[in-house]
Amino acid sequence: MSAGTYTPRPGAAPLPRMIAAQAALETRMLLRNGEQLLLTVVIPTLLLVLFSSVDIIDTGAGEPVGFLTPGVLALAVMSTAFTGQAIATGFERRYGVLKRLGASPLPRWGLMAAKTLAVLVTEVLQIVLLTVIAFALGWSPEGNAFAVLLLLLLGTMAFSGLGLLMAGTLKAEATLAAANLVFLLLLVGGGVIVPLDRFPDAAQSVLGLLPISALSGGLRDVLQHGAPMPWGDAAVLAVWSLLGLGAAGRFFRWE
Amino acid sequence: MGALRAGRRPDLREGREDVGEPGAPGPSPARLDLPAMSSEPVVQARGLVKRYGTKTAVDGLGLEVAAGTVTAVLGPNGAGKTTTVEMCEGYRRPDGGTVRVLGLDPVADAAALRPRIGVMLQSGGVYSGARADEMLRHMAKLHAHPLDVGALVERLGLGSCGRTTYRRLSGGQQQRLALAMAVVGRPELVFLDEPTAGLDPQARRSTWDLIRELRADGVSVVLTTHFMDEAEELADDVAVIDAGRVVAQGSPEQLRRGGAENTLRFTGRPGLDLASLLKALPDGSEAAELTTGAYRITGRIDPELLATVTSWCAQHGVMPDGIAVERHTLEDVFLELTGKELRA
C-alpha cells in the first residue's frame, strides 16, 4: 500500500446499505452455527416427521400432520426469534461485538432492525422447509394466509422481545442455559406437540397464556380448523410483545 | 562533598514544556514532513472524572491530542487508560469534566462522530463465527469510502487466515484484525487500546509500521500502552497516566530530559570550582564531586551542555577524562513519576 493510502476520507455508508449488510452478516452467522441449526431446523423437522408418521401422541381427531404442522411452525418461530436470538446476542454482547458495532457508523436501532430482518429471513427459510415436508406428509391446510402471517409476525415480536431481554440482562452462559431450558419447557407445555387439553384444567388456563400456546393455538385454529383471525391469541401475543420489547428497550445493556 | 544545584528544576507535572523553547532540539524529524497542522486539537479533555461505585477510575484527567500526531497514553494496568479512551469514544459518560473529540461531544454527537473515528478495542469485537476477511469486508460496507479490503488483509498478514473463523484465529491474528477494522473506514482519528498486547516481536514491528504510515498520511492516532519502548518508538507525545491522572505529558525526548535526571560523568583535577561551572550551565543542572576527582553533572544533558562543560574545562585548564553520558529511558521516567505516586 503506497503513500496516501490512509489519507482520511471518512463517511458513513447510506443507512439502507448498512442495515442490509448487517442483516446479511447476521443471517450468515445464524445459518453457519451448528447448534443454532440443530435448534431451528433439525429439531422442528424431526418432530414433524417423527410424530406425523409414528403414532406416539394422541393428537385428537384428524390427521396428526394437521395438528402438528401449526405447532411445529410456532416452534420454528420460537427457536429463531427467542432461543437462537437470545443465545447469539448474549454471546455477541459478551465478546464485545455489540460494543464494537456501537462505535461504527451503524446506529443501534439499525443494528436491531438488521437483527430482526435476519430473524425474519431465517423464519422464511424454516417455514418453507417445514411446509414442504408437511405437504409431503399429506398436510392440507385451511384458513386464510393473512391471519397466519399476522400471527407469525406477532409471535416473532413477542419472542424477540423476550429473547433480547434475556440476552441484554443475563450473562451469556446464563442466557445459553435459560434459553435452552425455556425452549424445552415451552416445547412440552405450549401445545406444540402435546395438545393442551392433556393437562389439568388449572394448568391449562395458565399455559394458555404463554406466547407459545397463543401462537400454536392460533395457528392451529386457522390452519387446522379454518377459523377466522383468532383475536384472543393475537391479543395475548401483542401483550407479550409490548412487555418483552418494552422491558428489553429499558433494561438491555450493550456491554 | 555536597551537590550544588542551579536554579529550580522545572517540574514536569505542572504541565508540558513548550516545544519551541530556544536551544532545545526541535520536534522529532518525523514530524517535519507533515502538512501544516491545524491548531484545533483532535482530543481535548479537561478535568475528566469517572467513578465505578466507590472507585475513582479517572480522577480529574486532562489530555490534549494535536492533529496528525501519534499520542501514547502510557500507564500501568488499572491506571485508567481504557476508561479514558472509552470516554473519548463515547462508550462512557464522564461523571465530571468535559471531553471533545474532533470538536464534538462523544456521547451527544455520537452519530456525527462515529463515522470519523476508528476504534480498536482491547479484545473481542468480532462474531466468533466470522472469518477475518468477512468481518473486515462487513466493516468496510458500513463506510462510504473504505480502504481496499484485499490490500489491507495482505498488508496485515491476514491473508493466511483463509476460512478460519475468528474464535480459531491466534491472538496475534485477532489483534491485527481488530486493528484493520479500526482503519478500514479511513477515519481521521483512531483509538487503539493496547494494539500490540500479545503480539510476537515481528507482528509488533509490523503494527508499528502501520501506525507510522497512518501518521504519515495525516491520521491522528491515540494509543494506550504499558510498553515503554512502544511509546518511545512511536509517539510524538506521551501522556503518562497513574491513578487516573496525567502525571506527565510531553515528547519522549522531553520526558527523558525533564522527567528524570540524565547524567554526565568525567574525571579531572580534584577540587574544581563547581560553583563557577554551574554558572555556565542551564538552570536545573546539578554538579557534584562524588569521590576525589570524579565528577557528576545531572540535569538536561544535551549537546550544548556537553559543549559548555568541555569549554569550561578548556578555560580552566582541565582535561576531562572518561566523559560518559547516561541518558535515561522513558522507563526510568515512568518509574520515577509513578513510583513516587504509588509510594505516596
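View 1. B:Val119 stands opposite B:Phe191, a residue of β7(B). This is a predicted model, in which local features need pLDDT of at least 70, side-chain atom pairs count only at pLDDT 80 or more, and totals for chains, interfaces and linings use all residues. Residues are numbered from 1 along each chain as its sequence is written, while chains are lettered from A and ligands numbered from 1 in the order in which they are written. Helices (H or I, at least four residues) and strands (E, at least two) are DSSP runs, numbered from the N terminus. Strand β7 of chain B covers residues 189-193. Four bridges join β7(B) to β6(B), and the two run parallel. Strands count as paired if DSSP finds at least two bridges between them.

**View 2. Six strands of chain B form an open sheet.** Their order is β6-β7-β8-β4-β9-β10, with mixed pairing. The edge strands are β6 (117-120) and β10 (245-250) of chain B, and each pairs on one side only. On average, neighbouring strands of this sheet are turned by 15° against each other, direction ignored.

View 3. Axes here are lines fitted to C-alpha atoms, for helices over the stretch in contact, and angles run from 0 to 180 degrees between N-to-C directions. Contact means that the C-beta atoms of two residues, placed from the backbone, lie within 7 Å.

**View 4. Helices α5 and α6 of chain B pack on each other.** Their angle is about 5°, and their axes are 11 Å apart. That makes α5(B) roughly parallel to α6(B). Angles under 35 degrees count as roughly parallel, over 145 as roughly antiparallel, 65 to 115 as roughly perpendicular and the rest as oblique. From α5(B), the contact takes B:Gly172, B:Arg176, B:Leu179 and B:Val183. From α6(B) come B:Ala203, B:Thr207, B:Leu210 and B:Leu214. The residues of this contact divide into five nonpolar, two polar and one charged. Ala, Val, Leu, Ile, Met, Phe, Trp, Tyr, Cys and Pro count as nonpolar, Asp, Glu, Lys and Arg as charged, and the others, Gly among them, as polar.

**View 5. A second open sheet of chain B has three strands.** The order is β3-β2-β5, and the pairing is antiparallel. The edge strands are β3 (55-65) and β5 (96-101) of chain B, each pairing on one side only. Neighbouring strands are turned by 25° against each other on average, direction ignored. Strand β2(B), residues 43-52, pairs with β3(B) over eight bridges. B:Val43 has B:Val65 as its bridge partner. B:Ala45 stands opposite B:Leu63. The hairpin of β2(B) and β3(B) has two residues between the strands, and B:Gly53 takes a positive phi near 65° there.

**View 6. Helices α3 and α7 of chain A cross at roughly 170°.** Helix α3(A) spans residues 64-94, and α7(A) spans residues 172-189. Their axes come within 8 Å. The two helices are therefore roughly antiparallel to each other. Among the contact residues are A:Phe82 and A:Phe91 of α3(A) and A:Phe183 and A:Leu187 of α7(A). By class, the contact has twelve nonpolar, five polar and two charged residues.

**View 7. Chain B meets chain A.** Here 36 residues of chain B are in contact with 31 residues of chain A. Helices α3 (132-141), α4 (149-155) and α6 of chain B each supply at least two residues of the chain B side. That side has 17 nonpolar, ten polar and nine charged residues.

**View 8. Chain B is divided into two domains.** Domain 1 covers 40-256 and domain 2 covers 261-327; these bounds come from an automatic or database domain assignment. Their centres, taken over C-alpha atoms, are separated by 43 Å.
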